[in-house]
Amino acid sequence: MIRATLPATKRIALVAHDAQKPALVEWALRHRAALATHELFATGTTAVHLGRALGLPVHAFLSGPMGGDQQIGARIAEASIDVLMFFWDPLAQMPHDPDVKALLRIAAVWNVPVACNSASADFLMSSPLMDADYEREQLDYAAYQAGRA
């Protein structure tokens, strides 16, 4: 295991399937003051909705089906996204389900905190670790990356 530091100012990715966008916006409005102390990223129209509702800067990636989920996954792998809030719709099959699964898998690979609904997002945001440096453990992938695994 190796240790990686999540900075006190977190880089938070906010993603929501269409049916969950209102829930994410409502959640974000409840946590606006806390979110304002972090750097926000979101996919496609989620970024537009959040930016308008919160009046905060939100870096916009492509929409999820057009590659935004993969862009966020790449940022997680590069250690430039620290937390993932992904309000996914558990009742609807998405045409880009493989991308969604890949995003959740890469978050698990790099031991990134993930919330999939407002309750888990509330718990993450209320944690004292959200506003402090945090040393997380992750597997040492150096041997794998060097082709020795």
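Analyst: Let us begin with a definition: buried means under 20% relative accessible area, exposed means over 50%, and partly exposed is in between (1.4 Å probe, protein chains only). This is a predicted model, where local features need pLDDT of at least 70, side-chain atom pairs count only at pLDDT 80 or more, and totals for chains, interfaces and linings use all residues. Residues are numbered from 1 along each chain as its sequence is written, and side-chain values use heavy atoms, with hydrogens and water left out.

User: How many salt bridges are there by this rule?

Analyst: Side chains of opposite charge can pair when their charged atoms come close. A salt bridge here is a side-chain nitrogen of Lys or Arg within 4 Å of a carboxyl oxygen of Asp or Glu. By that rule the count is five.

User: Which residue forms a salt bridge with Arg11?

Analyst: Arg11 sits in strand E2 (residues 11-16), and its partner is in the loop between helix H4 (68-77) and strand E5 (83-87), 71 residues apart. Helices (H or I, at least four residues) and strands (E, at least two) are DSSP runs, numbered from the N terminus. The closest N and O atoms of the pair are 2.9 Å apart, and the partner is Asp82.

User: Is Asp18 buried or exposed?

Analyst: Asp18 meets Lys21 in a salt bridge, 3.6 Å from N to O. Lys21 is buried, with a relative accessible area of 12%. At 62% relative accessibility, Asp18 counts as exposed.

User: How many residues apart in sequence are Asp122 and Arg30?

Analyst: The side chains of Asp122 and Arg30 meet in a salt bridge, 3.4 Å from N to O. Asp122 lies in helix H6 (residues 118-126) and Arg30 in helix H1 (residues 21-30), so the pair ties together parts of the chain whose separation in sequence is 92 residues.

User: What is the relative accessibility of Arg30?

Analyst: Arg30 belongs to a network of salt bridges with Glu26 and Asp122. Asp122 is partly exposed at 26% relative accessibility. Arg30 also counts as partly exposed, and its value is 46%.

User: Within what arc do the buried residues of H1 fall?

Analyst: The buried residues of H1 are Lys21, Leu24, Val25, Trp27 and Ala28. They line one face of the helix, because seen down the axis of H1 they fall within an arc (that of the directions from the helix axis to the C-beta atoms) of 165°.

User: Which residues are exposed on the other side of H1?

Analyst: An α-helix has 3.6 residues a turn, so residues three or four places apart point the same way. On the other side of H1, the exposed residues are Pro22 and Glu26.
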